[in-house]
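Subject: Structure handover

Hello,

Here is the structure we talked about, for you to look through. My notes on it come after the coordinates.

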There are 2 protein chains.
Amino acid sequence: MVLSSIFLFNGLSESRLKIITDTVKETRIKKGHWLFHEGDGADRFYALKNGAVELFTRVDNDLELPVTIIRKVGGCFGISALVPPYQYSLSSRCAEDADLLEFRREDIEKLSAEDQALGCTIMTNLAQYLLERLKETRQDLKNHFKALFQSTQT
Amino acid sequence: MVLSSIFLFNGLSESRLKIITDTVKETRIKKGHWLFHEGDGADRFYALKNGAVELFTRVDNDLELPVTIIRKVGGCFGISALVPPYQYSLSSRCAEDADLLEFRREDIEKLSAEDQALGCTIMTNLAQYLLERLKETRQDLKNHFKALFQSTQT
């Protein structure tokens, strides 16, 4: 079951995973297909079943900066759909033909309202995930500073 | 009341804020005092009442990289205490004599277990905060790439 491999759902019981499964839509996309663009309103997020999806950002509209490629089963993206102001913070394009699970915010919010423990678990997992990404991004920034610092010392 | 100006508690009722207030410890610290170091186990977070606290990271132990200075009443730091693996991701030093509110993870976890709506609200606010920090840090990284890109074009 793909859902149990999705970090957002870590710690949820089988019965809760089943309830979420009932809301999921499966989608097949072709290489080169755009799922969303940075800045778009975000009403759904995705998890990978197979294939590959690339996430990137644009620097001044003239330079594409890759952020990551998702290849792992259960790899999740578009999670800005769960956090105000509900706006995608990256762009997403299919890198290899892929099967996806599509989750709508509306459904997750409804389930969370009905079952607060479920909502709480998802939000705790999301906070953990975002903190990890923040640390990674800070590390990238540090590496840049380090390179810059070293170049001024030689 | 300082608690209502803390982003983590946005949306909580007065009665819930009162319950949290009862767990808080007030602390006065002097300029130059260290609150915690990057990598330390994180069991408490802080909110500023007055004064200033600096957050920074170290690059290879030989270069101190400032991340931010907190001066705003209710400004919060050390929130890695709420997210596994409960390890501070930055260091914190008092920049100007300060009065702080100190929140222990243990207390917040206890209150969240007793009142899941409270826990859910805190975690949702935390996820929103972390996503904002992630976007800012990505923007810093983009600015570096942009500068680097431009320097190779001239």
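The notes below cover the interface, the salt bridges, one aspartate and the cysteines. Please keep in mind that this is a predicted model.

Interface

On the chain B side, 38 residues are in contact with 38 residues of chain A. The area buried between the two chains is about 3,800 Å², and carbon and sulfur atoms give 74% of that figure. Three residues, R138(B), K142(B) and H144(B), supply 15% of the area that chain B buries against chain A, more than any other three residues.

The rule finds 10 residue pairs in polar contact across the interface of chain B and chain A, counting pairs with both residues at pLDDT 80 or more. Which elements give two or more residues to the side of chain B that touches chain A? They are strand 3 (44-59), strand 4 (63-70) and helix 3 (116-153) of chain B. Helix 3 of chain B provides the largest share, with 23 residues. By residue class, the side of chain B that touches chain A divides into 19 nonpolar, 10 polar and 9 charged residues.

There are also 2 salt bridges across the interface of chain B and chain A. In one salt bridge, the side chain of K142(B) meets that of E38(A), at 3.1 Å from N to O. K142(B) is also one of the three residues named above for their share of the buried area.

Salt bridges

Over all chains, the structure holds 34 salt bridges. Here are some of them.

- D43(A) and R44(A) form a salt bridge through their side chains, 3.1 Å from N to O. D43(A) is partly exposed at 38% relative accessibility, and R44(A) is partly exposed with a relative accessible area of 24%.
- D107(A) and R104(A) form a salt bridge at 3.2 Å, N to O. D107(A) is buried, with a relative accessible area of 14%, whereas R104(A) counts as partly exposed at 34%.
- E102(B) and R44(B) form a salt bridge at 2.7 Å, N to O. E102(B) lies in strand 6 (residues 91-104) of chain B and R44(B) in strand 3 of chain B, so this pair ties together parts that are 58 residues apart in sequence. E102(B) is buried at 7% relative accessible area, while R44(B) is partly exposed at 23%.
- E54(A), R58(A), E64(A) and R93(A) are joined into one network by salt bridges that share partners.

D97(A)

D97(A) belongs to strand 6 (residues 91-104) of chain A and is partly exposed, with a relative accessible area of 42%. Leaving aside neighbours within four places in sequence, D97(A) is in contact with I29(A), K30(A), K31(A), N50(A), G51(A) and A52(A). D97(A) and K31(A) are 66 residues apart along the chain, yet their C-alpha atoms are separated by 4.7 Å. A polar atom of the D97(A) side chain lies 2.8 Å from the backbone nitrogen of K31(A). The side chains of D97(A) and K30(A) are joined by a polar contact of 3.4 Å.

Cysteines

How many disulfides does the structure hold over all chains? The count is 0. For C76(B), the nearest cysteine sulfur is that of C94(B), 16 Å away; C76(B) is buried, at 6% relative accessible area. The sulfur of C120(B) has its closest cysteine sulfur in C120(A), at 3.6 Å, which is too far for a bond because a disulfide requires sulfur atoms within 2.5 Å. C120(B) counts as buried, at 13% relative accessibility.

Regards

How values were computed. Residues numbered from 1 in each chain as written. Chains lettered and ligands numbered in written order. Predicted model: local features only at pLDDT ≥ 70, side-chain atom pairs only at ≥ 80, totals over all residues. Heavy atoms only, no water. Buried < 20%, exposed > 50% of the residue type's maximum accessible area, 1.4 Å probe, protein only. Contact = heavy atoms within 4.5 Å. Buried area = accessible area lost by both parts, 1.4 Å probe. Salt bridge = Lys/Arg side-chain N within 4 Å of Asp/Glu carboxyl O. Polar contact = N/O pair within 3.5 Å; in protein donor to acceptor, adjacent residues only side chain to side chain. Helix = DSSP H or I, 4+ residues; strand = E, 2+ residues; numbered from the N terminus. Nonpolar A, V, L, I, M, F, W, Y, C, P; charged D, E, K, R; others polar.
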